[in-house]
Amino acid sequence: MSNRRFLITSALPYSNGRLHVGHVAGAYLPADTYVRYLRAKGDEVRFICGSDDNGVASLISARKEGRSVEELTAFYNGRQAADFAGLGIKFDIYGGTHQPKFVELHNRISQGFFRTAYDKGYFVKKTTKQLYDVQANQFLPDRYVKGKCYECGAEGAYGDQCEACGVSIDPMKLINPISTITNTKPEPRETTHWYMQLPQFGEKLRAWLEAKRQPQGDCPPWRETVLNFSLGQIKQGLPERAMTRDLHWGVPVPLDDPDAAGKVLYVWF
Ligand SMILES: [Zn+2]
């Protein structure tokens, strides 16, 4: 037995549907192969994963299937665990961000990250206009709104990302935005959120990425394409991003501020 210890994880699947071959081939089979390789060499490995239960994707599916979001995410979390087991992919822990056994721990750790960043002054509180669905009586973060991408012109771009060109979307700039809840045209209304000041990390990140051109310990140099893409993003200027959302489903914003009421952390925070 070597004394090397590894923690391996893969991107969390949303618990709003069954797994398909793309999930397995893209994220879990490569990780499983690597875990088996390390274990065969005698390394100590923990292989941890779970479902991404929070966020708008689950809320939309729950509404479509006519059941509560708790029920929906518990159901698909169970199906995913069974499917992985059936494929012989064995996690040491398969949890979920809102599953009863894990939600308290997940919230505590996520809120801890947020508080640490907040206390270091990495957030700025700002009131801006966001899209609001008058009929559903709620704001429309992320996938609750669709429209035409202002970068590539593709129809059906989501409020957080255009899947055609991959750009991060500012929902206020979407062309012909439509609420995915009621199919009505939303109107802009003011709301307050906490924005992470990514521009202040640009120089630090650039230096860190540049260092990846050289091998470090066991790690080979990073691939040129990955480095160039990442450095290109920094050169363009990193945007400030809202890390809170007007939703009730998710990790509550851990601030003693009346403006934080009824808000949760952005799932990609
Ligand atoms: Zn696009």
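Buried denotes a relative accessible area under 20%, exposed over 50%, and partly exposed the range in between (1.4 Å probe, protein chains only). By this scale Cys 165 is partly exposed, with a relative accessible area of 37%.

The structure is a predicted model, in which local features need pLDDT of at least 70 and side-chain atom pairs count only at pLDDT 80 or more, while totals for chains, interfaces and linings use all residues. Residues are numbered from 1 along each chain as its sequence is written, and side-chain values use heavy atoms, with hydrogens and water left out.

| Residue | Relative accessible area | Class |
|---|---|---|
| Cys 162 | 1% | buried |
| Cys 165 | 37% | partly exposed |
| Ser 179 | 0% | buried |

**Sheet**

An open, antiparallel sheet has the strand order β7-β6-β8. Strands β7 (157-158) and β8 (175-179) are at the edges, each with a single partner strand, so one side of each has no neighbour in the sheet. Strands are DSSP E runs of at least two residues, numbered from the N terminus, and two of them pair if DSSP finds at least two bridges between them. Strand β6 (residues 145-148) pairs with β8 over three bridges; Lys 148 has Ile 175 in β8 as its bridge partner.

Ser 179 also belongs to β8. Leaving aside residues up to four places away in sequence, Ser 179 touches Asp 133, Leu 140, Tyr 144, Thr 184 and Pro 186, where contact means heavy atoms within 4.5 Å.

Key: Helix = DSSP H or I, 4+ residues; strand = E, 2+ residues; numbered from the N terminus.
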